[in-house]
Amino acid sequence: MAEQAVPRPVDLPSDLRHFIDGKPASSVDGATFPVADPVTNEVYGRVAAGDAADIDLAVAAAKRAFTDGPWPRLTARERAKILNKIADGIEVRAERLAELETFDTGLPITQARGQAHRAAENFRYFADVIVALHEEAYIVGDKQVNYAIRQPAGVAGLITPWNTPFMLETWKLAPSLASGCTVVLKPAEWSPLSASLLPEIMAEAGVPDGVFNLVHGIGEQAGAALVAHPDVPRISFTGESGTGQIIMRTSAENLKEVSMELGGKSPCVVFADADFDRAVDAAVFGVFSLNGERCTASSRVLVQREIYDRFVEALAARAAAVKVGMPADAATEVGALIHPEHYARVLEYVEIGKREARLVAGGDRPAHLTSGNFLQPTVFADVRPDARIFQEEIFGPVVGVTPFDTEEEAIELANATKYGLAGYVWTKDLQRGHRVARAVQSGMVWINSHNVRDLRTPFGGIKASGVGQEGGVHSIDFYSDVRAIHVAVGDLHTPQFGKQG
């Protein structure tokens, strides 16, 4: 690595503990695991390694807070006031959050700052939702009124990923708390640092003890115990599709509801009539932002043959010019990948790609960064549909480009993977844009836009990319039990079985 000091946050926590029933807690058995930063891969601290015993304590605290505490019984306005105070606490700490997130994940500091803002907005948005929420009522002639109510489901288990940890934690915390649930959060083991600020934020906002609980740990231990726990009726998970399958199987034992946003291999379909420069901008940003470690990354770019060579050339040139550097440097556009294991996995796919397709940019670490988990943004051209780099999620700054001739072929290629999370369509023909968007098998499609999403819209995938939808009232519905109540308001006749004469 070039001779440059790697800035460490001031007062960097070196002992990350659980937070259960309003208090910090070590693991019952005292176990810990090391955590390192992705630039030096040097251990900066140790994290409490939770297991079933710690999950039991956290779930018990959350269940007491749900059955005996005030949280589920607060009015929507009272909960909303506390949610807005949580947002205030996040905004006050926005720079600190960004600093910790950048150090822990390798995300560029400018993008980490954006995550902190979005995290606060998650709480403000759901504070507004619950105050404005209304139920359905139906008048059945002059005899009966039927109405529906939402009631909090109980303890929610939240399992979050490592790529944008704090924002995605709040994405689940905000609607679950807004709904009146109590929660047990299991952060990702590779990026636990920013979650360490949540206990203080929650306490300052006035969240009662036991409503918010945090248990660190390895997924196969703490995460598995949370999923299997019989007193946790809701599980929300974001992560890899294979883990999602395990969670579904385990959850079936207790018939608990799950919401899962899983992997993706999202297509970016560029027709010859598209605004060329804007499409290039979107393709570059869509796969290289957040270090390429994003589930909605447009990692398959499908380009109509008339502009294919020109587009490949432009994409390769832009990839070569992307600034890879220290995550804390405001000029950096791609930082360090999260962990040596993940870095090795991405490099393995790069080597596979060199055998399957034509490498036109990147493919190695930048020359000025001789250590750390750094990779120059990588572009492969002439990628076949049966290639592994076309079919499998890489989750790094690697993109494959494939040509097509007709609209029908573009749709066939877009749908030719097991995934179905996101899709992007670029064309000036809006009729075609709508046609293709409807035909692409994914939970979300953007036309002439990169990944810009309003919090009111549903978020989720189909096929191997997930189960259920989150966002807006979809999230509130997931964390609630919806019940129907039927009231007789007139002389409703009941057949008189068994009455003689």
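Arg-432 lies over the face of Phe-271, at 4.1 Å from the ring centre. A charge counts as sitting over a ring if NZ of Lys or CZ of Arg is within 6 Å of the ring centre and within 35 degrees of the ring normal. This is a predicted model, in which local features need pLDDT of at least 70 and side-chain atom pairs count only at pLDDT 80 or more, while totals for chains, interfaces and linings use all residues. Residues are numbered from 1 along each chain as its sequence is written, and side-chain values use heavy atoms, with hydrogens and water left out.

**Aromatic rings**

- The structure holds 10 aromatic pairs; rings of Phe, Tyr and Trp (its six-membered ring) pair if their centres lie within 6.5 Å, and planes under 30 degrees apart count as stacked, over 60 as edge-to-face and the rest as tilted.
- The pair of Phe-276 and Phe-311 is edge-to-face, because the ring centres are 5.5 Å apart and the planes meet at 75°.
- Phe-276 belongs to helix H9 (residues 276-288) and Phe-311 to helix H10 (residues 305-321), so this pair ties together parts that are 35 residues apart in sequence.
- Helices (H or I, at least four residues) and strands (E, at least two) are DSSP runs, numbered from the N terminus.
- Both Phe-276 and Phe-311 are buried; buried means under 20% relative accessible area, exposed over 50%, and partly exposed in between (1.4 Å probe, protein chains only).
- Tyr-424 and Trp-446 form a stacked pair, with 5.3 Å from centre to centre and 15° between the planes.
- That pair links distant parts of the chain, since Tyr-424 is in strand S18 (residues 422-426) and Trp-446 in strand S19 (residues 444-447), 22 residues apart.
- Tyr-424 is buried at a relative accessible area of 5%, and Trp-446 counts as buried at 9%.
- Trp-162, Trp-190 and Phe-395 are linked into a cluster by ring pairs.
- The ring of Phe-276 also has the charged end of Arg-310 over it, 3.7 Å from its centre.

**Strands and sheets**

- Strands S1, S5 and S4 form, in that order, an open sheet of three strands with mixed pairing; two strands pair if DSSP finds at least two bridges between them.
- Strand S1 (15-16) and strand S4 (32-36) are the edge strands, each pairing on one side only.
- S4 pairs with strand S5 (residues 43-48) in the antiparallel sense over five bridges, and Val-35 has Gly-45 in S5 as its bridge partner.
- Strand S6 (residues 137-140) and strand S7 (residues 144-152) are antiparallel over four bridges, with Tyr-138 opposite Asn-146 in S7.
- The hairpin of S6 and S7 has three residues between the strands, and Gly-141 takes a positive phi near 60° there.
- S7 also pairs with strand S21 (residues 480-488), in the antiparallel sense over nine bridges; Gln-144 has Ala-488 in S21 as its bridge partner.

**Helix H3**

- Buried residues of H3 include Leu-97, Leu-100 and Phe-103.
- The buried residues of H3 pack against S4, S5, helix H2 (76-92), helix H4 (109-132) and helix H5 (165-178), where contact means heavy atoms within 4.5 Å.

**Cysteines**

- The structure holds zero disulfides, a disulfide being a pair of cysteine sulfur atoms within 2.5 Å.
- Cys-268 is in no disulfide, and the nearest cysteine sulfur, that of Cys-295, is 16 Å away.
- Cys-268 counts as buried at 1% relative accessibility, and Cys-181 counts as buried at 1%.
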